[in-house]
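Hello,

Here is the structure I promised to pass on.

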Amino acid sequence: MLRPTGLCLLLACVVSLGSSAVVVENGMPILWAQTAAQIGDLPAQDGIVTPDPWNFIHRMSFYRLIIEATNTYMGPVGTGPTDSPIWGLPLQLGWMLTSGRLADPTSATTCGLPTGDTTCISTQSWWGCVNYFTSALPFLAAAQQGLMGPGVQVKMQAPAGVEEYCTTYADCATLYSDVLNKWSSFYQNLKDSTGSSLPANENRDALLGLYWEAHMSSIAASPACSAKLSSYSPVEVSFAEGWLNSANFVSAARFQSSLEKSILFLAPLPGRILLEGDSALPIADLSPEENHTLSTFSWMKLMDQVLRGMLTNMWNTAMCSVTSREKGQEMLEQLLLNSTFAPETFVSIVTATNC
């Protein structure tokens, strides 16, 4: 069983750091060493694995188990142990924890707060809700595909009185069939990819395409969480919408979200929940990098609105070949990480791209 030794003290310190978001711990996702190393480390009842997805350690364990189960097949994507695109997900979950976004935004409970259970993920958290679809559902699909071992059955625990989240593969398949189908397709094609006759760069690109199709299918389920946004400030809501919108650009470029690259993209995200008084940039207690990220997200969202969705469409059209997607990844790095890169350059390049 998982033993969160010293966990509460560590998380209390991390959450209290304010705007200093912590993305990694000893070079790995937050509290990675506390997670399940094998499926038998998760709780079980009557032969069925019964993890608690509202416990941070359990949810982070889903990612560790998926990564370790799929690493055998990741050769076409990258031969290093941290090359898998799945690494972006646990890093993102860790950022949500350290920035306080998994805590109860209604203040009705102390779930996720330093004064309460710091490993608790609130069912009222919009961020925790959206992440449910990129953690619990991919894990259920992985188990169904046999990646967790032959015949492994999983049933997620649910807090008393909370019935809005599906808990088994069968239940989720009824409500979110596209999500489970896309993740299952990714896993199956990954297992079959080692014998592919495609050139190495095309094989890699194809697998990353399947990964991002699965990832975006999970994101597409996020409207189920929309009601929870009412508990946040308009500034945080705007950032959340910009964060969702950015996924369209990253996925179209088939970004390889390895451990190292994901750290670069996640480190500048705001290290605390945005409040009513944070409407004007720059925000004094955030770093220049965090302010740049907020400015970029705001610009991308505004331009897409002004162009009535055309910026996203133009980007998707421009990302029409392996070569253009490789250039697109480089451009996104410049836009998001280089404060001197003019956004207008982004638009000019996108409109000029022709496959």
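Start with Cys-166 and Cys-172: both are buried. A disulfide joins these two residues, with an S to S distance of 2.0 Å. The link of Cys-166 and Cys-172 has 100° about its S-S bond and is right-handed. Bear in mind that this is a predicted model.

How many disulfides does the structure hold? It holds 3. Here are the others.

Cys-129 pairs with Cys-225, sulfur to sulfur 2.0 Å. The torsion about the S-S bond of Cys-129 and Cys-225 is about -80°, so this disulfide is left-handed. What does the pair tie together? Cys-129 lies in helix α4, residues 126-133. Cys-225 sits in the loop between α8 (200-219) and α9 (234-252). The link therefore ties together parts that are 96 residues apart in sequence. Both Cys-129 and Cys-225 are buried.

Cys-111 and Cys-120 also form a disulfide, and their sulfur atoms are 1.8 Å apart. The cut-off for a disulfide is a sulfur pair within 2.5 Å. The torsion about the S-S bond of Cys-111 and Cys-120 is about -95°, so the disulfide is left-handed.

Are Cys-111 and Cys-120 buried or exposed? Buried means under 20% relative accessible area. Cys-111 has 9%, so Cys-111 is buried. Cys-120 has 18% relative accessibility, so Cys-120 counts as buried too.

Best wishes

Terms used:
Residues numbered from 1 in each chain as written. Predicted model: local features only at pLDDT ≥ 70, side-chain atom pairs only at ≥ 80, totals over all residues. Heavy atoms only, no water. Buried < 20%, exposed > 50% of the residue type's maximum accessible area, 1.4 Å probe, protein only. Helix = DSSP H or I, 4+ residues; strand = E, 2+ residues; numbered from the N terminus.
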